[in-house]
Amino acid sequence: MISKTLSAFFVLLFFQQLSFSQPKRNDGIKHDPAAKTITITVPGKKLSIVIDYSSGCIIKQLNIKGNNTLSPSGVYTGIETKNGTFTSNNHHNNIKITETPNGITLTGISYGDATLAVTETWNFKLTVNKILWDITRQYSNAAQLEDQAFPKWNFADLSVWKGGIIDNGGMVWCKYLKQVNDTYGVHTGGVTFWNAKSGDALQITAKPGAGNVIATKYSHSAKNEFTCTQLVTNAPLQQRYNLSRFVSRKADVFAPFEIKKGKVSAHFELQYEDYFTKYSRGTLTGIDADAVRELMNTTGRYGVVDNNIIGANGWLTNWKCMHEPFFAQIGMAVDDKNYTRNLSATLNQERDQAMLPDGRVLSRWHNEPGDEIPGTYNAKTGYYEAQWGYTVDSQTGYLINTSEQFDLTGDLAWLKSHQQSCEKALEWLLKRDSNNNGIFEMVNNNVAEKKASDWLDIVYAGYENAFVNAQLYEALNLWANCEKVLGNPQKSGYYTAVAQRLKTAMNKPVEEGGFWSAAKRQYVYWRDKDGSVHGDNLVTPVNFAVIAFGICDDPQRIALILDQIEQRTTAEKLFHWPLCFDSFKREEVQGGNWPFPKYENGDIFPTWGYLGIRAYAKYNKGIALKYVNNILEQYKKDGLSSQRYSRVTQLGMGDDILAGICTTITGLYRDIYGIRPMWNRMGLEPNMSKTLNGTQFSYTLRDTVYQLKLSVNDYAMRTNTFSVKSNESFGASRSGSKLTYYHHNRDSSLLHIAAASNHPIDLQINSWDSREISFTITQPNNYEFTITGLQPGNDYKIWTNNTVQHLKTKTDGSLSLKQVCKTSTKFVIKEGV
């Protein structure tokens with residue numbers, strides 16, 4: 001009896017152990033064999049999908065907080081050949097389901113014809129907050145495909161999402177897909193779709209299998225769906241129509257392509273995102289933070305045409321102008337590492353494909369010929385010289401963008417790879433000073449040639465052009481710093497000297513060969529070779545540029561210019577600055593600029609807004625903020641979906657929508673909030689006003705998140721490893737256990753703090769001037785402090801709380817001391833015994 005009881009007990013124990021040893025099924029995956037459906041739901045139920053394999057195989061629901069976002073077409077895979085279209089959703093398949101503890105697999109998915117058969121396996125897994133989907137496809141033969149769905153997502157309509165933030169830094173805006181089959185195609189796979197009303201977002205991460213590449217097209221279907229189709233191929237896809245990334249009323253943006261016999265795979269991750277949280281702009285006191293977020297996520301990103309093509313026109317018109325210097329600035333304000341990475345690649349491509357052997361930087365990229373000087377369009381690359389004239393500011397645009405991009409990336413190897421090309425681009429322009437007056441000359445000599453030389457491409461500015469030379473001054477100073485970082489002090493000094501000579505020459509009165517007109521209280525636009533002066537009609541980008549870039553540092557001149565511009569803008573009740581206030585002469589402009597005010601002869605182009613913000617930020621912060629708020633209000637009205645605005649009606653005009661229209665907001669971040677990254681640190685140089693007090697936001701630079709708090713003369717920066725607080729501008733960086741503070745964000749005056757351990761370092765700067773340096777350390781630790789930029793060989797008195805010691809600076813002007821700080825410790829350093 002006991003033996004039978006023990007036997008039963010051990011049998012029961014065995015089966016219990018067997019049942020416990022079986023991995024537990026994931027509760028988020030529900031399989032209904034009778035209905036032939038599988039429902040996968042993430043914890044919290046913010047995201048779920050329903051797979052239907054009753055007739056073919058599709059994802060028939062993709063639910064965000066319980067609401068299905070898909071059309072009846074769902075999500076499916078497929079191919080298109082010359083014989084027809086074959087998909088996973090319209091065939092009865094012998095689909096087999098295999099359930100695993102953390103996922104489910106569907107095999108036996110098949111479609112195609114006798115020429116090309118496709119079999120697929122769909123494997124789904126559920127992680128903490130993601131649905132993982134692996135598609136493995138087997139092609140029976142090599143073949144040519146017209147199109148492919150790997151997969152295709154069919155959303156209910158174009159209002160489900162406002163748009164999608166693409167993982168190359170760009171975006172698709174659903175409202176721009178106006179017509180049936182309007183299609184935008186890019187050579188990348190990941191996207192985050194968002195709804196700006198609900199704050200719901202769907203992130204789709206897409207990774208092709210080894211040896212494959214991925215592309216995506218976004219389209220307005222014949223059923224008025226918003227569709228997203230991924231394509232996984234052996235080689236990068238070519239465009240079907242010239243180099244067009246966007247095509248109107250055509251769904252086939254990509255050219256036919258070859259596939260090989262065998263396996264192809266891709267991995268997708270679906271995740272719900274709280275859009276308002278992920279893309280929060282923080283607390284922007286006195287500023288509409290929601291409008292800033294939406295403007296930068298739409299208009300600010302719209303200039304990304306594709307991988308390797310970032311500009312400030314946009315993908316609707318398939319255009320990019322190299323003669324624009326603000327792409328890196330836009331990247332600074334967008335604050336997305338994908339944009340930053342893509343801009344580096346863009347500048348690489350332009351170095352390799354858009355620069356001629358003599359250093360000339362071609363002015364534009366376009367999808368097809370028609371805008372070029374005859375013989376200059378490269379059908380393979382898309383780069384060319386614009387038909388309107390040699391726009392010399394493409395030289396300065398390349399240099400400024402490269403220099404500022406380096407400050408965003410901190411990538412020395414990348415900068416080194418651009419050193420020779422940047423030097424060639426500079427030398428191409430620096431050779432153009434035939435009269436040796438320090439002002440550099442354009443290709444065209446006079447108005448009679450009817451050619452342009454800069455961004456205002458149907459204004460006949462030429463020879464000595466103040467706008468181009470102002471940008472050259474900025475380029476020289478930025479590149480001089482890059483040469484210094486690269487270890488070339490001689491070249492750095494040379495470029496700095498050239499810049500100084502240029503500044504002196506430009507500031508001379510027009511009667512002495514410069515650009516300053518005392519009679520008109522402005523800088524004139526250009527001088528022809530015959531000495532005749534043109535453009536004294538208060539051209540705003542010219543006058544803003546000479547102030548913004550520091551050429552004009554005369555307070556009286558600055559006041560004359562900026563007060564005049566503000567008075568006239570206010571008198572006309574304009575929401576933003578026009579390109580010029582008075583008319584050019586008829587012979588100075590092409591017919592498209594006539595009669596005044598029309599197009600570049602008087603209309604409102606917000607593209608150069610950042611120059612105005614930079615000019616006003618240090619002169620009158622209230623005026624700068626007014627135009628920031630004006631541009632945000634205009635965005636809320638029309639999305640800034642225009643090239644320009646009529647001077648007369650202030651309504652949007654022009655089909656060539658410009659992403660550069662966002663630069664007023666880049667000015668907000670750079671010149672008001674003072675976001676000034678440098679290659680080796682984060683910098684803050686704010687110009688705050690009381691109406692902005694209490695501004696707080698996070699900013700990510702090179703994967704470090706900086707929490708910033710800004711008020712008038714009260715600036716704080718915090719990371720996980722340090723904090724700095726000061727009433728003046730500064731820069732800071734930490735490497736290992738060492739914190740470096742850069743006073744005024746300059747390299748000339750530093751405080752190095754080396755700690756014995758890697759605990760956080762908290763620093764408060766109390767004062768820093770020629771009379772006294774005072775700072776407080778609040779975290780206990782053993783420290784060594786080194787201050788640079790002091791007088792060499794001088795005696796200094798150092799107070800450490802109430803303790804005094806005397807030290808002498810080294811010959812390099814540095815001073816070092818060690819201190820064990822057990823509590824908050826204040827240091828005061830003064831020169832003298």
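Colleague: What volume does the largest pocket have?

Modeller: This is a predicted model, and the values that follow are computed from it. The lining of the largest pocket takes in 43 residues, which divide by class into 19 nonpolar, 10 polar and 14 charged residues. The space that they line, the largest pocket, has a volume of about 1300 Å³.

Colleague: Which helix supplies the largest share of the lining of the largest pocket?

Modeller: Several helices each supply at least two residues of this lining, among them α4 (327–334), α6 (393–409), α9 (489–506) and α14 (663–672). Glu 474, Arg 670, Arg 676, Glu 685 and Arg 746 are the lining residues that lie nearest the centre of the pocket. The largest share of the lining, 8 residues, comes from α8.

Colleague: Which strand gives the largest share of the lining of the second largest pocket?

Modeller: The second largest pocket has a volume of about 1100 Å³, and its lining of 41 residues has Asp 335, Asp 336, Lys 337, Asn 338 and Thr 700 nearest the centre. By class, that lining holds 15 nonpolar, 14 polar and 12 charged residues. Its largest share, 5 residues, comes from strand β37 (residues 695–701).

Colleague: How many charged residues are there in the lining of the largest cavity?

Modeller: The structure holds 3 cavities of 30 Å³ or more, and the largest cavity has a volume of about 50 Å³. Its lining includes Phe 544, Trp 577, Phe 605 and Trp 608, while α10 gives the most to it, with 3 residues. Counted by class, the lining has 8 nonpolar residues, 3 polar residues and, as for charged residues, none.

Colleague: Which helix provides the largest share of the lining of the second largest cavity?

Modeller: About 40 Å³ of space lies in the second largest cavity, whose lining residues divide into 5 nonpolar, 2 polar and 2 charged. Lys 320, Phe 327, Glu 350 and Asn 401 are among the residues that line this cavity. Two helices, α5 (337–353) and α6, each supply at least two residues of the lining, and the largest share, 3 residues, comes from α6.

Colleague: Is Asn 313 buried or exposed?

Modeller: Asn 313 lies in the loop between β25 (309–310) and β26 (319–321). Beyond its neighbours within four places in sequence, Asn 313 is in contact with residues that include Tyr 302, Trp 319, Lys 320 and Leu 658. Because its relative accessibility is 4%, Asn 313 counts as buried.

Colleague: Why is strand β44 largely enclosed by the rest of the structure?

Modeller: Strand β44 pairs in the antiparallel sense with strand β45 (residues 773–777) over 5 bridges, and a hairpin joins the two through 4 residues. Strand β40 (residues 722–726) runs parallel to β44 and is joined to it by 4 bridges. The strand is largely enclosed because, of its 8 residues, those that are buried number 6.

Colleague: Which residue in β44 is the bridge partner of Lys 725?

Modeller: On the antiparallel pairing of β44 with β45, Ser 767 stands opposite Ser 774. On the parallel pairing with β40, the partner of Lys 725 in β44 is Gln 764.

Methods:
Residues numbered from 1 in each chain as written. Predicted model: local features only at pLDDT ≥ 70, side-chain atom pairs only at ≥ 80, totals over all residues. Heavy atoms only, no water. Buried < 20%, exposed > 50% of the residue type's maximum accessible area, 1.4 Å probe, protein only. Pairing = 2+ DSSP bridges. Contact = heavy atoms within 4.5 Å. 1 Å grid on protein atoms, 1.4 Å probe; cavity = no way out; pocket = protein on both sides within 12 Å on 5 of 7 lines; lining within 4 Å. Points joined across faces, edges and corners; volume = space filled by probe spheres on them. Nonpolar A, V, L, I, M, F, W, Y, C, P; charged D, E, K, R; others polar.
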